[in-house]
Amino acid sequence: MSDSAKRNQPSRRQFLSGAAAAGAGAVTAAAAQAASPDPLITEVQEWASATGEGVDATPYGLPVRFENDVVRRNVEWLTADTISSINFTPIHALDGTITPQGCAFERHHSGAIELSKADYRLMINGLVDTPLVFTYADLERFPRENRVHFCECAANTGMEWAGAQLNGVQFTHGMIHNMEYSGVPLRTLLEEAGVQPEGKWVYVEGADASSNGRSIPIEKALDDVLVAFKANGEALRKEHGYPVRLVVPGWEGNMWVKWLRRVEVMDGPVESREETSKYTDTLADGTSRKWTWVMDAKSVITSPSPQAPITHGPGPLVITGLAWSGRGHVTGVDVSTDGGINWTPARLAAPGTDKALTRFYLDHDWDGGEMLLQARARDSSGYVQPTKAQLREVRGENSIYHNNCIQTWWINGKGEAENVEVS
Amino acid sequence: MSKCLKLLAGTALAATLSAAPVLAQKFGLGRPALPEEIAAWDLDVSPDGTGLPAGSGSVEDGEMVFADNCAICHGDFAEGVDNWPELAGGEGTLADKDPVKTVGSYWPYLSTTWDYVNRSMPFGNAQSLSADETYAIVAYILYSNDLVEDDFVLSDKNFLDVEMPNADGFIIEGRDTAEAHFWTQAPCMEGCKESVEITMRAAVLDVTPEDETAAAPVADASAQQAAAEAPAEQPAEAPVETAALDPALVDKGEKVFKKCKACHQVGDGAKNRTGPTLNGIVGAPAGLVDGFKYSKVLKAAADGGLVWTEDELAAFLAKPKAYMKGTRMSFAGLKKDAEIDAVIAYLQSYGS
């Protein structure tokens with residue numbers, strides 16, 4: 001980046017301190033009147049005079065450089081190294097519901113591997129009439145479906161069990177993405193091999209060195225699980241499992257095995273490392289829940305939030321966020337500006353769809369005062385997103401996973417936001 | 001299984017789907033998997049021991065295999081190094097504020113340990129252990145948890161006799177009953193509580209990463225400081241020698257380096273991980289990377305004047321443990337000379 005570009009781009013830190021307002025001119029109490037003519041309008045700008053880049057400059061593009069702070073971030077102290085680790089989607093800076101692959105969170109257990117279509121094999125074995133091997137080209141010949149689903153890591157918001165910890169929605173809620181997948185129903189492939197009556201589970205496994213594998217009941221495997229090879233219209237990115245990953249709608253992200261290489265039909269669960277020592281939820285009395293696959297209804301306000309403070313004065317304010325449920329579709333989202341005393345139904349940008357993100361808006365007239373912002377999702381099963389206190393009452397503070405509590409942002413008079421807990 | 005079916009019905013899944021033989025259309029795609037192929041990939045081991053190969057390993061052997069392959073991350077006594085998982089201890093802590101979850105205190109099935117070690121470990125060199133080595137490692141982990149005596153030998157014959165302390169510590173799901181009150185048809189909309197107090201603030205804890213991607217303005221003091229420090233962190237500027245490197249060889253070396261990446265970083269912003277950073281390592285005196293805790297033998301060799309010339313590096317990389325007995329580098333070695341030459345060329349491209 002050139003020096004002039006650097007100067008033109010306020011840093012996130014400036015935003016947080018509110019110092020950007022002066023430099024960017026139009027940011028403060030905007031509307032009323034201009035003191036002098038805006039040179040951006042009255043003077044011929046370079047981009048209105050000279051030419052831009054030709055069509056051969058960017059065969060495959062990245063976002064414009066002004067957006068280069070909208071990136072995945074990781075939390076260094078969270079894991080021993082970055083290969084078996086996680087990063088976070090910058091949901092504070094996105095809108096709509098579809099997550100671009102390039103900034104969608106990654107979770108690897110042995111790093112993102114490079115596996116070509118030519119080297120790809122998928123095996124179906126175990127309790128089937130004919131164990132089969134498919135090439136990538138074989139998979140492309142089965143009837144295909146397109147479906148939009150969210151993928152949420154079971155540990156999303158997991159660092160917040162014991163208290164407000166990370167100051168940014170990217171870090172508290174960014175282990176989620178939502179893509180349109182194209183692929184073949186797992187059911188189709190299982191039927192091709194012929195599932196035997198004693199087959200009650202499938203064990204799905206990836207090709208990477210972690211051999212990440214999970215056991216899935218056959219009912220789910222035959223229901224809506226997808227063997228996907230495209231996301232948002234293009235090939236899966238390497239970090240999302242190129243060339244083939246599993247999509248397990250509504251269930252925790254760890255089961256969405258990437259670089260899928262094998263599906264074994266079995267009569268019981270493997271009880272692999274990822275479904276016993278991890279992804280199990282320890283309660284206050286020391287017993288642990290297992291097979292907690294479904295991601296419960298959840299919502300969060302993405303803006304304003306600590307990384308996306310209010311940079312204008314009182315008046316019209318768009319409060320927006322995301323809601324989702326692994327048990328069906330979002331039927332409504334309520335927003336509170338007073339820490340949960342009173343609630344107002346938000347406007348859903350589109351009706352909720354099955355196991356996918358829903359965007360909500362509350363078009364608010366901000367009086368410039370403090371707010372305690374919260375969102376609360378409701379889903380088609382009748383479930384209402386609980387408070388953190390309600391969750392702790394049942395589960396204690398050691399569950400790590402499945403924290404779907406109501407999140408609170410404290411907005412001060414300057415429009416800055418902070419992650420807090422409230423009574 | 002019946003509990004599971006109930007659960008699925010309760011979570012509004014299509015519970016009417018059955019596992020009955022399917023009368024579906026077949027497409028005739030794919031080909032039958034060969035027995036050798038299934039044997040190569042179908043390695044998972046179930047709680048009842050299904051999938052375990054014949055073999056055995058003692059605690060005594062396990063201690064050595066563990067020291068060679070596992071201790072660098074998990075510690076000599078399976079106690080865990082830095083943020084790496086601890087595998088021993090923690091018994092009776094599961095109801096504490098910070099439970100210590102280890103193979104001994106938490107894992108319900110021994111099969112899980114064997115299966116995971118066999119298929120996924122050691123980190124960066126998975127699927128390199130023999131069945132007997134895996135039995136030995138698992139025996140040593142059991143010993144580290146005081147679950148067996150020091151003369152214990154684990155085998156496929158006595159595998160199911162081992163009792164895991166937390167075997168009964170798990171319940172299946174339970175949200176639909178224990179949390180039934182979260183299904184509320186009419187949530188409160190007005191006057192839901194009398195008052196609201198802030199009880200905890202994330203800013204007080206201050207553990208959120210700083211944003212490093214947004215370019216910092218000159219006025220920003222902390223950014224200035226970072227800029228001042230930056231040159232020290234940069235690898236040496238592309239040296240003259242780089243020009244002489246064969247780009248094809250460097251490319252090949254980059255691919256070979258994938259085997260090293262689990263532990264070593266090189267290039268801009270490289271940090272010490274399990275292994276030290278490798279910027280400028282070719283031709284450098286051994287043991288000088290700042291902040292890295294070297295093994296005793298490496299320190300001794302460094303004190304003795306070891307320099308990582310191309311020849312020394314080549315010998316080390318061919319068989320690390322033979323070259324330097326006691327090294328912490330748990331890597332079997334690069335078998336082909338061509339790979340060694342390539343990876344050295346790749347490292348040279350980051351200074352020498």
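In strand β5 of chain B, B:Ile198 is the bridge partner of A:Val422. That pair belongs to a meeting of two chains: strand β23 of chain A (residues 417-422) and β5(B) run antiparallel and are joined over 3 bridges. Here two strands count as paired if DSSP finds at least two bridges between them, and the strands themselves (E, at least two residues) and helices (H or I, at least four) are DSSP runs numbered from the N terminus.

Before going on, please note that this is a predicted model, in which local features need pLDDT of at least 70 and side-chain atom pairs count only at pLDDT 80 or more, while totals for chains, interfaces and linings use all residues. Residues are numbered from 1 along each chain as its sequence is written, with chains lettered from A and ligands numbered from 1 in the order in which they are written.

Let us step back to the whole contact, which takes 87 residues from chain B and 102 residues from chain A; residues are in contact if their C-beta atoms, placed from the backbone, lie within 7 Å. On the side of chain B that touches chain A, helix α5(B) gives the most, with 6 residues. This side divides into 52 nonpolar, 16 polar and 19 charged residues, where Ala, Val, Leu, Ile, Met, Phe, Trp, Tyr, Cys and Pro count as nonpolar, Asp, Glu, Lys and Arg as charged, and the others, Gly among them, as polar. For the complex, the predictor gives an ipTM of 0.89 and a pTM of 0.81.

Now turn to chain A, where strands β15-β16-β20-β19 form, in that order, an open antiparallel sheet of 4 strands. Its edges are β15 (298-303) and β19 (347-348), each pairing on one side only. Strands β16 (315-324) and β20 (358-366) are joined by 9 bridges, and A:Gly321 stands opposite A:Phe360.

Elsewhere in chain A, β7 (201-206) and β8 pair antiparallel over 5 bridges, with A:Val202 opposite A:Ile216. Strand β8 (213-217) has 5 of its 5 residues buried, meaning that 20 or more other C-beta atoms lie within 10 Å of each residue's own, placed from the backbone. A:Gly213, A:Ser215 and A:Pro217 point one way, A:Arg214 and A:Ile216 the other.

Finally, a word on confidence: chain B has a mean pLDDT of 83, on the predictor's per-residue scale from 0 to 100. Where pLDDT is low, the predicted coordinates should not be read in detail.

How values were computed:
A residue is buried if 20 or more other C-beta atoms lie within 10 Å of its own, exposed if 12 or fewer, and partly exposed in between; C-beta atoms are placed from the backbone. Two residues are in contact if their C-beta atoms, placed from the backbone, lie within 7 Å.
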